[in-house]
Amino acid sequence: MKPALLLAALTVALAAGCGSQGLGPDAYELANIRGSNIVPKSSPTAFVKAFDKFCAKGPRDPQSADRLLRASSYVPLPRKARNDGRIYVVDDKRPAVGLSSQGCMVQAYSRTGQTERVRRYVAANFPSATPVTANLLARHKLEQAWVISGDQHGIVATRRTLDGGNHSSYTLLLYRTNGPVQWNSPQ
């Protein structure tokens, strides 16, 4: 057998073996992603733009959301969350995006200006949002939260987590409900 034919046969055999193990294009793309881009240092503007595009204005059904994220160069991580949610990442400085049946979130390392940029975004895009009381924030381990109503019932909230190595992650999330939220009532 000629060397070129042998190489071609070997390539086909190896590729077939990889395919039978469940490796697809996503696995190959994820294998080469920079570790610092899994949860990147997104600028305040990139952070809020991703939330607006994928969470606030993004499609609610999983298939359409997946298509939108993939069209924006995002790839899902292989493991699904307990609530059937998926985390999508991209090999640049845009934040990670998490989707589930009831919500959406973006996450990046904390950077200067993110908190104020999120406050301005919420005020401009959810003008009737009501801030959640401090005692409820602490109980749910949230930094800030707003109850939203109108065409989208739910909660917009921020959360910070301290990772190993003294890095802090910042998350902006939208939790959708089927009706009005009664979160500020005394408990």
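What covers the buried residues of helix 5? Keep that question in mind while you select residues 114-125, which form helix 5, in this predicted model, where local features need pLDDT of at least 70, side-chain atom pairs count only at pLDDT 80 or more, and totals for chains, interfaces and linings use all residues. Residues are numbered from 1 along each chain as its sequence is written, and side-chain values use heavy atoms, with hydrogens and water left out.

Helices (H or I, at least four residues) and strands (E, at least two) are DSSP runs, numbered from the N terminus. Within helix 5, colour Gln114, Val118, Tyr121 and Val122, which are buried (under 20% relative accessible area, with exposed meaning over 50% and partly exposed in between, for a 1.4 Å probe and protein chains only). Look down the axis of helix 5: its buried residues fall within an arc of 95°, so they line one face of the helix, the arc being that of the directions from the helix axis to the C-beta atoms. Turn to the other side of helix 5, where Ala123 and Ala124 are exposed.

Now show helix 3 (44-56), strand 4, strand 6 (144-148), strand 7 and strand 8, which are included in what covers the buried residues of helix 5, contact meaning heavy atoms within 4.5 Å.

Next, select Asn83, Ser100, Cys104, Met105 and Leu173, the closest to the centre of the largest pocket among the 24 residues that line it. A pocket is an open set of points on a 1 Å grid over the protein atoms alone, where a 1.4 Å probe fits, with protein on both sides within 12 Å along at least five of seven lines, and lining residues have an atom within 4 Å of a point.

Technical notes:
The expected span of a helix is 1.5 Å times one less than its number of residues.
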